[in-house]
Every structure is written in structure tokens, then in C-alpha cells.
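Study the sequence and the model before reading each solution.

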Amino acid sequence: MRPANQADVWWRNATVYCLDVETFQDSNGDGIGDFRGLTSRIDHLARLGVTCLWLMPFYPSPNRDDGYDVADYYSVDPRLGTLGDFVEMMRTARHHGIRVIADLVVNHTSDQHPWFQESRSSLDNPKRDWYVWRDEPPEGAPQAVIFPDEEDSLWRRDEATGQYYLHHFYRHQPDLNISNPDVRDEIARVMGFWMELGLSGFRVDAVPYLLTTGHTQGADVETDPHSYMRALSSFMTRRSGDAIMLGEVNVPYDELMRFFGDGGDELDLSFDFPGMQAMYLALARRDAGPLRDAMVSRPLAPRDTRWATFVRNHDELTLDQLSPEQRDEVFAAFGPEPDMQVFGRGLRRRLPSMFGGDQDRIRMVYSLLFSLPGTPVLFYGEEIGMVENLDVPGRSSVRTPMQWEPGPTGGFTTADVDQMRRPMPARPFGPDHISVEAQRGDPDSLLTAMSRLADLRREMPHFGWGDVEWLESDAPSVLAHRAELDGESVIAVHHLGEAPLEVTLTTGLEPGTRVRDQLASGAGVAEPVEVAADGTLTLTLGRYAARWLRQVS
């Protein structure tokens, strides 16, 4: 049975898909992806089972940080198309039942933004206080830089006026002063503008930095910076009652909970960074313990809010919440070479290359993603097993063009290879070996398996809505949990180890209850198995096995 209010809180059982318009599909042969190209590929997202599309920044930008240095919040980068192209994409997505959210990057702007150009022009410019200026960097203020390979301070002296401006990220990204009411009003106008064009909400970039007011001075400083998030959420829901904010908040669970607010009046979804990092430690050890511990200790999100779960995102795969020793374990398993690591805290690789292309292991992890309590978020190309190109510098190694078909440009563009902004991976992971075209229609492909996972998750809202119990087993490599909804249970079992084994696990079900594996299909449809008199279930699991066991009558 589906919950009656499922449509009202659609994000609880959504499948989210993140992409960069610039690297998804080129429609005009200039080597750059664009909105018309994306529109032509909406069918692919619908077939995959995507219900929410998350767009990385598409605004005009000098593109010194892949669009996260915004120079105009009210338009589309001309390289990617026009506002008309954006609206046409929105209409097509809506026709296919796909909602769209976009990055809201308002912790900082580009230093080329007209606001900053005005702000830096003189000490008494009306927009001077739109950014954070000081005569000298404040003593005792936090100085930890985000990008230690390129920056050595959060403050940069501007020669025009001799003062320093704050930049938590790159020096070409000055921080906005969110304590200024005019700035807050303008950010609300930006949100309202794009919602009028159809957006169902925003992925809010760098939330903890956005709410940092320790560097600001004056009467406008809020004693509770979270009041700003509540104000943004309130504004958004007044415009559209089912719009959402998905937050990037990479902090431990006890701090993370504050960003949901009181009963979910701030973020509706928050990325589960601690759980993701624990998952990679568990995968490196082939021991489910670290992930189970993280899931057991993870607080329940407030009513109608949700954790967003993911295997990787568009940035480096950060491991900053692991201890140095734990981080070294993950590095040794999945990124032993220095050029596979970034900033000493993360990996710039995708999952298939970390696993050496092992399909059993890859599919087990995505089964885990879709069954964990939370809303699954995919990064473009994961559905076909795309990998990184380590020849591309920094975090952009995982942001190579989408591989649609065999050929030197992978069907991404009709332009020559040298016109593409980033080269595709080489053999054996390039488009001649991995592409949508090669996998579509193949019942044994990763693309087919991913689409089936998305379909099954919709058919079984237990994982999105049910009460979860983490089950005991006699095998350290096995993670098992039960999700119950309206008296019916689904049990997910995942074997993180390579050696086949027999495992006995508690179920919380009545003796004699029969369950059948929903992941088996076709000729491999599994026979039901029965819960023993002591409430346990004994299963034989192959290497990296996954089971979704649903009660049968």
C-alpha cells in the first residue's frame, strides 16, 4: 500500500539524478553540452526511472570553478543555450513526470559578478556591504582553507580600496554577506525567479559556510544564523508548497541535525556524508561493521524530511570524517596512487575503476544505495559504469562527457575530439567499451539492472517510508535491515565480501513467514524461503550478493 500523502512529500521515495548540462549532450556541434541536447535525452532519464533531475550550475560564469563562480543569477550561460531552451527542457521533463531542482550557489559569487564589481569600486558604494570587507583579516578567526593546493588564506587584499574580502573557497569567489537584509531579499528573488520557470526546489551549495556569520560585524548580524534557512524555506513553500531544499552539509550527525531545523522547517533533504564515508570504509575492509554502526547511530530525520544517500557526487569523494588511519585504509584499497587522491582528504575516482570493473561488486553497491533508508541520488554516468579520467586535473576528473555510443566522442558531440573541453576515459572504460547504446536492451547490462532497482524501489515504498530495523547476522561481511510499512516487511541483505558463504540472520518476522527475492528475474526467479521457528533466516550468498526479500502470501 502506498502512503496517502506520498505525492505531498514526493522526495521521500524519489530517485534523484545529478548532471552538468555542459557535459551531458551537445546539440549544435560546438563541443559543449547544452539545454537542447539535454532535452533530447530526457527519454533516457525517464527509462532509467529518474523522478527528480538536479542540475549543476548553468548560469553565466567565467567558468573558473565549473560554473560555481556565478556571474549572473537570472540567466543561462550563452554556451548552454537560452532561457527559452531552459523552459523547453522543463516542459519536456514535466511531461515525463520528472521534477527539476537546480544548484543554489549563494555563499559566494564570481569576482566578475556586477555586484562585486560595484562593491569593490569604493568604500562607500551602496553594495559595499553586500560582501564581507575588513581592514585586516580578523585575529583569531578560523583560517582553514577549502583548497589548500591553491589558497593559503580565507582573506584576499583588494588593491582598489586596500581592504580584504572574505572567500571561503577560491579567491575569485568572494563571499556574500548574508547578514545584509538586501542580500537576503535578492537571494529570495533569485529563488522566486527560477521557481516561476518551473523548478521544484534547490540543492543548496555549501550550507555551513553560507550560515557562518562569525566574520561579519554590525547590527544586522543574526544571533541565530539558522533563522535565515528558516526564512528561505518559508519563502519557498509560500511560492510552492511541495518545493524542496536539498542541503550540502558535510558535518557529523549531531551537527547535521540542526540543519533540518525544528520539525523540518529548514532543509527537506540533507546528504548523508557520514554514512557515505562509513560505506567506503566498510567496502575497503569487506566488513559491514562500519556502515552498520553509522546507520544505527544515524538520528532519525524529522517528520517529512529525509537523508539523501549517494555513492559519489560531483566533487572529490571526501573522506574527511574518517580518522587518518581509516582514510589510509580506503586510500590503500581504492586510490593507492597519489594522482588518485585530492587534497589529502578524498578520492577523485568513480566506483567502477576502484573495483577494477567487477560487475558483481558494483551492482551490490547500487542495490545497497537503493535500499538504504533515504533518498538515492545518482551522478550522471553511474547507470552505465562510467569511470574518471585522471588526466583531467582535480575534481573535474569525474566530470567527463556522457558516453552515449561508441566512437571517439561517445555520441556526446559531432565536433572533433580536440574541441571537447574534457577528454573521455581511455580503454577499457571509454565509450567503445561502455556506452548507453551498448547497454540499452541488454537484459544483463548494468543500465538494465539500475533501471530495475529504480522500478523496484517505487514498487516497494517500504524503503522510502517504512520503519527500519537493523538485523543481526553471524557473518561480519553481511549487512541486513528490515523495512516495515503497513504490516508488510522487506528485508535487504548485502554481502560485502568476495567469498561465498551461508549466513543466518534475525528477521523480526513470525516463524513460517515466506519471503521471495525481488531482485531475481526471468528464469532466475527465486523460490520463496521460510523463516525458521526461532525467527531466523538462513541464506546462501554468492560473492558480493544482494537480496531484496519481500513477504509473500
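**Exercise 1.** Are Phe-58 and Trp-194 buried or exposed?

*Solution.* The model is predicted: local features need pLDDT of at least 70, side-chain atom pairs count only at pLDDT 80 or more, and totals for chains, interfaces and linings use all residues. Residues are numbered from 1 along each chain as its sequence is written, and side-chain values use heavy atoms, with hydrogens and water left out. Buried means under 20% relative accessible area, exposed over 50%, and partly exposed in between (1.4 Å probe, protein chains only). Phe-58 and Trp-194 are both buried.

**Exercise 2.** Determine how the rings of Phe-58 and Trp-194 are arranged.

*Solution.* Rings of Phe, Tyr and Trp (its six-membered ring) pair if their centres lie within 6.5 Å; planes under 30 degrees apart count as stacked, over 60 as edge-to-face and the rest as tilted. In the whole structure, a search finds 34 aromatic pairs. The ring centres of Phe-58 and Trp-194 are 5.1 Å apart and the planes stand at 85°, so this pair is edge-to-face.

**Exercise 3.** Classify the pair formed by Trp-115 and Trp-130.

*Solution.* Their ring centres are 5.1 Å apart with the planes at 65°, so the pair is edge-to-face. Both Trp-115 and Trp-130 are buried. One aromatic cluster includes Phe-58, Trp-115, Trp-130 and Trp-194 among its members.

**Exercise 4.** Which residue lies over the face of Trp-130?

*Solution.* A charge sits over a ring if NZ of Lys or CZ of Arg is within 6 Å of the ring centre and within 35 degrees of the ring normal. Lys-127 takes this position over Trp-130, at 4.7 Å from the ring centre.
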